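Subject: Structure for your review

Dear colleague,

Please find below the sequence and structure that I am handing over to you. My findings follow directly after it.

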Amino acid sequence: MTCAVRESGGGWWCAGVRWPGEVPELGWSRGGRRRVSVLAYGAGLGFRAVGERHCVGARGNACPLGAVVPGRSTGGRCAECARLDRAHSVAADTMADDPRTYRVYLAWFGPGLVKVGITGEERGAARLREQGAVAFGWLGRGPLMAARRTEEVLRAALGVPDRIPYARKRVERGHLPDTDQRAAEVAELYARAAALEGRGWPESLERLPLEVVDQVGIFGLDRAPGAETESGPVPVPVSAPVRAVRELVDGGVVAGRLVAAAGPDLHLAVTGGGVVVLDTRLITGWDLAAESGSDVRVPLIDIGGGGVQGGLF
């Protein structure tokens, strides 16, 4: 597929990757209207950035200033819209009377890379897919403040973080151990967390039985680019991406074949046989024109933290 074109004066803006189910989608917005493009592994995807990047606004509302934002910003918002957006999020703890049921989860991103978090029960596993959790397990369910309290207890007692930088996730994603090892780490943390019942664990939070969910197949990380037989793709470890898009620039092109997706990241096979990661949070707020082929002409950075390739090339 190719990205939609935002025409001058009111076209569609890309809102990044969404995971309402087990298939990734690109969201689009124009004023109050919304639509999606379902993504398919093996299909082409490409676009060219045009002009300047503008603030995407907050909570579904346009930025009143039409502010220009930096190309490297993963938030895509000006300072004021970012403040308004966060003020109404669950993470801001301003919704103590929220009547909905929440779940506490344990998410695994790589060896030794596990975090604790909460999500609305009605959202199912969408939050785990949005974060790029390779494997996860539910810990408990209950009111918002009980879920938040449990999250704090686990951070303090077990030293489990509630945030992991995406850069770390990308590095580990290319060196995943087998399914059993992934499940074992989640199970080990679950056992340590369950042992805290009666020692700071809120009584109103119901502990859920352990069931480790592995998402490698959903993300397409178990398939190598170009590995085909007469009966279809061969499930083998995906070629580890070594570069990621650092930012878009006016006239910059990103085009390739989609081979995997995890969280906001799209893994694109490009000319030369390599795989480049595009964090779709970097494309929000841009005018995008459709582009075909298998080419990347925007600044890239080595995923492992090495040197940066700057400028268009």
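Of the 313 residues of the protein, 47% count as buried. Please note that this is a predicted model. Its secondary structure comes to six helices and 19 strands. The accessible surface amounts to about 14200 Å², and carbon and sulfur atoms account for 51% of that area. Among contacts between residues at least 6 apart in sequence, 64% join residues at least 24 apart.

Confidence in the model

The mean pLDDT of the protein is 85, and 85% of the residues reach 70 or more. Among the elements, strand 9 (residues 213-214) has the highest mean pLDDT, 98, while strand 19 (residues 308-309) has the lowest, 34. Over residues 1-10 the pLDDT is below 50, and this stretch has 31 contacts in the model beyond near neighbours in sequence. The pLDDT also stays under 50 over residues 226-237, where the model has 20 contacts beyond four places in sequence.

The interior

In soluble globular proteins, nonpolar side chains tend to be buried together. In this model, the largest nonpolar core holds 57 residues, and Phe47, Leu154, Val245, Leu248 and Val254 touch the most other members. Helix 3 (residues 144-158) supplies the largest share of this core, namely six residues. Another core, of eleven residues, lies apart from it and includes Ala107, Phe109, Leu113 and Ile164.

If residues up to four places away in sequence are not counted, Leu248 touches Phe47, Ala49, Gly71, Val254, Leu282, Ile283, Trp286 and Val298.

Helix 3 also contains Arg148. Is Arg148 buried or exposed? Its relative accessibility is 9%, so Arg148 counts as buried, the cut-off being under 20%. The C-alpha atom of Arg148 is separated by 8.2 Å from that of Val104, although the two residues are 44 apart along the chain.

The surface

Which residues form a nonpolar patch on the surface? They are Val23, Val36 and Val38, which together have about 240 Å² of accessible area. Of these, Val23 lies in the loop between strand 1 (13-18) and strand 2 (25-30). Val23 has a relative accessible area of 42% and is therefore partly exposed, a class that runs between the 20% limit for buried and the 50% limit for exposed.

Yours sincerely,

A colleague

Definitions and conventions
Residues are numbered from 1 along each chain as its sequence is written. This is a predicted model: local features need pLDDT of at least 70, side-chain atom pairs count only at pLDDT 80 or more; totals for chains, interfaces and linings use all residues. Side-chain values use heavy atoms; hydrogens and water are left out. A nonpolar core is a set of buried Ala, Val, Leu, Ile, Met, Phe, Trp, Tyr and Cys residues joined through side-chain atoms within 4.5 Å. Buried means under 20% relative accessible area, exposed over 50%, partly exposed in between (1.4 Å probe, protein chains only). Helices (H or I, at least four residues) and strands (E, at least two) are DSSP runs, numbered from the N terminus. Contact means heavy atoms within 4.5 Å. Patches are made of residues with over 30% relative accessible area and no salt bridge: like charges are joined within 9 Å, nonpolar side chains (Val, Leu, Ile, Met, Phe, Trp, Tyr) within 5 Å. Accessible areas come from the Shrake-Rupley method with a 1.4 Å probe; for residues, only the protein chains shown count as cover. A salt bridge is a side-chain nitrogen of Lys or Arg within 4 Å of a carboxyl oxygen of Asp or Glu. pLDDT is the predictor's confidence in each residue, from 0 to 100.
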